Amino acid sequence: MSKIGVFICHCGENISATVDCERVAKSASEMEGVAFATDYKYMCSDPGQSLIKNAIREHHLDGVVVGSCSPRMHEPTFRRACSEAGLNPYLCEIANLREHVSWVHEKGEATTLKAIDIVKGVVEKVRRNKPLNAIEVPITKKALVIGGGIAGIQASLDIANCGQKVILIEKGPSIGGHMSQLSETFPTLDCSQCILTPRMVEVAQHPNITLYTYAELDKLDGFIGNFKATIRLKAKSVDYNKCTGCGLCTTKCPQKKIPSEFNEGLGLRTAIFTPFPQAVPNKPAIDKEHCNYYQKGKCKVCQKFCPTGAIEYDKPDEFITEDIGAVIVTTGFNVLKTDFFPEYGYGKYKDVITGLQFERLASASGPTLGEIRRPSDGQIPKKIVFISCCGSRDPAKGIPYCSKICCMYTAKHAMLYQHKVHDGESTIFYMDVRAGGKNYEEFVRRAVEEDHVNYVRGRVARVYEKNGKLIVKGVDTLLSAKPVEIEADMVVLATAGVANKGAEELAQKMHISYDPYHFFAEAHPKLKPVETNTAGIFLAGACQSPKDIPETVASASGAAVKAVSLLSQPTLVREPIIAVVNRCAPPMFSTCVGCFMCETICPYNAIEHEEIKDRRTGKVIKTVAKINPGLCQGCGTCVSFCRSKSIDIQGYTNEEMFAEVTALLNK
Amino acid sequence: MKLGFYPGCSLNGTAREYNESVKALAPVFGIELVEIDDWNCCGASAAHAVNRDLSLALPARTLALAEKQGFDEIVVPCAACFNRLAVAQYELNKDELLKKSVEKSIDMTFNNDIKILNVVQFIDKYIKDKIIEKISHKFEHQVACYYGCLLVRPHKIIGFDRVEDPTSLDELMQLIGATTIDWGFKTECCGASLSIARTDLVAKLSCNIVKDAADRGAEAIIVACPMCHSNLDMRRPQIDEYVGKKISTPVIYITQAIGLAVGITPEKLGLQRHFVKVNTL
Amino acid sequence: MEEKNDNIFEPRIIAFVCNWCTYAGADLTGTSRIKYSTNVEIVRFPCTGRIDFMLLLKAFAGGADGIIISGCHPNDCHYTSGNFHARRRWMVFRDMLDFMGIDIERIRWSWVSAAEGAKWADVVNDTVSKIREMGPYTEYKKAAKFLEEEKIIHE
């Protein structure tokens, strides 16, 4: 026999103005299973809560129903009060008499009767509620950060500085990412590598960080706090224990004409290479696809010259597995190449380059040592045209979004050009100038006012080559759509930021969602920008959407905190509103027949297979579904799906819900 | 092989040589082009600038007639006619009600599933594979292929070749031994029907095209549209006046180029009708 | 049955809503003080995916004249796909109910987000006036009564 306490709140006058609270309490006291009912002006206040606690103790209540504001408001408050009085918090439920009754109806008989109905429904549910205890899941105290750009570097350092262990994996031979390719960063025009390399070194030397370069994630199994990551360490052909980074091999390698990825194709590298001089680790790897030995079986010059005998050919890729508690994905982004644009030459014209290629020209460690020179003939361009929004904001090209950083870096490029080539003329064709960050607008104004960059508002219809010059045909819409034709020496396209190749496969490996453009999906665009829908996996940086360095660093620190807050707890405590598959005595063991329809629809992969074995022989009798309490989020879709009604959800069981619905209708 | 043939107004008028060259080329490859009986004007730019229903009904009537006369495919050499017919077919397929209303206007019902081929698609499908074996005089010249605005746009409807930098004419010319130049004016506007109202603008726009081709060493400009041809060829005196010098680069149709390569005489191809002399080829 | 005037029939309608969108949307209706009819009583579920459609029949059997089911807009489900599954299930179930002779016009399906307070009020008022026109669902009550009396179903 239940002993439920019903507490009707007046909420000042918010409820009592339209609902006769005394009458509701009186009706409640006459309901079956109710041992105590009262009303009070402010239930959520201290005296109100004391009222509830005292009643629980005095009347030995085994359930509490509070008729008050929305449970989305004060359910935690009242549950905590019950908990403090010794009553399991999940035996306390709220009847929404304010938002759903008093605030939306006029004062009158109908309103009070509805309030009584709703209280009755909740009472009947609570009569069937079971006490529930929060779930505890163990946690492996180690984080995995995938991607060694500035986001990955920042996140790793933040986590490591909190005393937690981190594994950072990077698919290229060095960490640093795109930020290491930049010359100067806006709005301060800091040298990019100067602010980045100290952090790169810190990562390499930090006792809590294990760095694997030339490594990729092969598999990710498990769940929050208990992941198992299989990492493929690609064969570098160089033993890093012996290699001292002297670099002699790179000077002797006969394959010298490979387009350098770091220099965006504007410079060359050898087959055994470090991507750039400040690489971390500063030791080379062999690019098997271009190495004479791997492709033709000849050469081996590097091995001949290596003073420490560090070259080791034909080693297979190594696989390691690590137990991980939290994962942060910081795989970054890429920019479109010029061959994407048919109207700008399909990549045919050497002097039509991307913004990232311009960074390499402007960079002191780049292929032209910081001088802006035309890739075609090495001449210094006297006239440069910059085109904004190449691909971005263009639904016809399949990229309707704005890439965010281009307006700023285009202004920066024009400024750098004007600083380096004093008699140069730069023109920027733009649609809008988006300079929303701190000091960004002032930066753009400097480009216009101090460095005399020409801003022309209009699109460029076509760029073609004639007699060694690039003819740019655009329009100036602010001068009533006057066509503008410029004979430029170089054209720089601010191409769209797009997801990295392989992003889709990586997302599928980790069971995280991604959007139609293959950027990884955040759990909530406003309030959960660094979490994914998969518990325990977080996002930071440009892999979620194009962003500049300050935002990337901020999101990386944000994701690091999320990871640390997970790792620093002794165990993972979760709300017990989760699904449960029934178990019963042999020979049934469970009404579940193992059809696993539930598994197909669970968005959180929370359904596992459990083999029920014969205790003596070990033979498998049947395989049934089992809910992983660490992953289940409590949506209850599996409950409606189950054909044998073997799953139910704690807190919203079939028994409870049927009782509530029936009670609402019966008088 | 019998195919339907829709010459349109221009092929019987100012583009007679286009008509002659298509008709001369087809039989060499075993194609018989049968003109659609009682065809009407497609409406060109005039109709669709003035009245939507008219602009759809005119081509629809021709399509319906072609269907009734038993053709599965029709060849439409004029790029404007081709564009209007293709657009009409697309619009009517999308909108059932519109199709019914147009059928009422033309007093005929039809399935609207006839295949419409422009001259390049026609050559690609029925001639391309057999060209090599029929070549008697390789067309060893440097040429600029000019596509104009209607041959490959809008891509959504035409679904053929690339929009910004098309290559179909270039490939055909290369097949018959020509070297094609790479230039940025493949689809730039020639001035189109402003030829009458604003000949000065046509002079300027067409001049850009012809001069660039000449500057890059093109010995001929290849076109597949009577409007293109008219502006680049017939308006040459105005172009020469605009630029201040005489440019003598001839403009010939793709069918004439291929015709020359397979040994058809210049007279049969109508080359003598051009304003700019073609004797250099 | 609750009656304002002796002759005007006041329908009883149960609304099965999801916690994250429609329940919050209904809260917003309250916060915005938008008034609607008292005839609808809301039952909270974590997700429309949780709604067992046998509950709908239970509601009719208990005396409901109409039902509203409402959840997050497609693609906005808090649990990513619960509302898709609910919608698919509803498509099949609706045909089955119709086949069985149950008046499916009395079941209203809607998507109401947490920001659509005004829409919730519209959904409620629309459904109430529609059911009021259709009258009480006496056929189901008769059938339920018959089944109970014949001891075919046990309460």
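This is a predicted model: local features need pLDDT of at least 70, side-chain atom pairs count only at pLDDT 80 or more; totals for chains, interfaces and linings use all residues.
Conventions. I count residues from 1 along each chain as written, with chains lettered from A in the order written.

Entry 1, chains B and A. I looked up contacts (heavy atoms within 4.5 Å) and found 11 residues of chain B against 10 residues of chain A. The buried area (accessible area, 1.4 Å probe, lost on putting two parts together, summed over both) is about 1000 Å², with 39% on carbon and sulfur atoms. I noted 7 salt bridges here, each a side-chain nitrogen of Lys or Arg within 4 Å of a carboxyl oxygen of Asp or Glu. I list the chain B side as 8 charged (Asp, Glu, Lys, Arg), 2 polar and 1 nonpolar residues. Arg462(A) pairs with Glu164(B) in a salt bridge at 3.3 Å, N to O.

Entry 2, chains C and A. I found 46 residues of chain C and 44 residues of chain A in the contact. The two chains bury about 3900 Å², 59% of it on carbon and sulfur atoms. Arg44(C), Arg50(C) and Tyr79(C) supply 17% of the area that chain C buries against chain A, more than any other three residues. I counted 4 salt bridges between chain C and chain A. One of interest to me joins Asp52(C) to Lys645(A), with the closest N and O atoms 3.3 Å apart.

How values were computed
Side-chain values use heavy atoms; hydrogens and water are left out.
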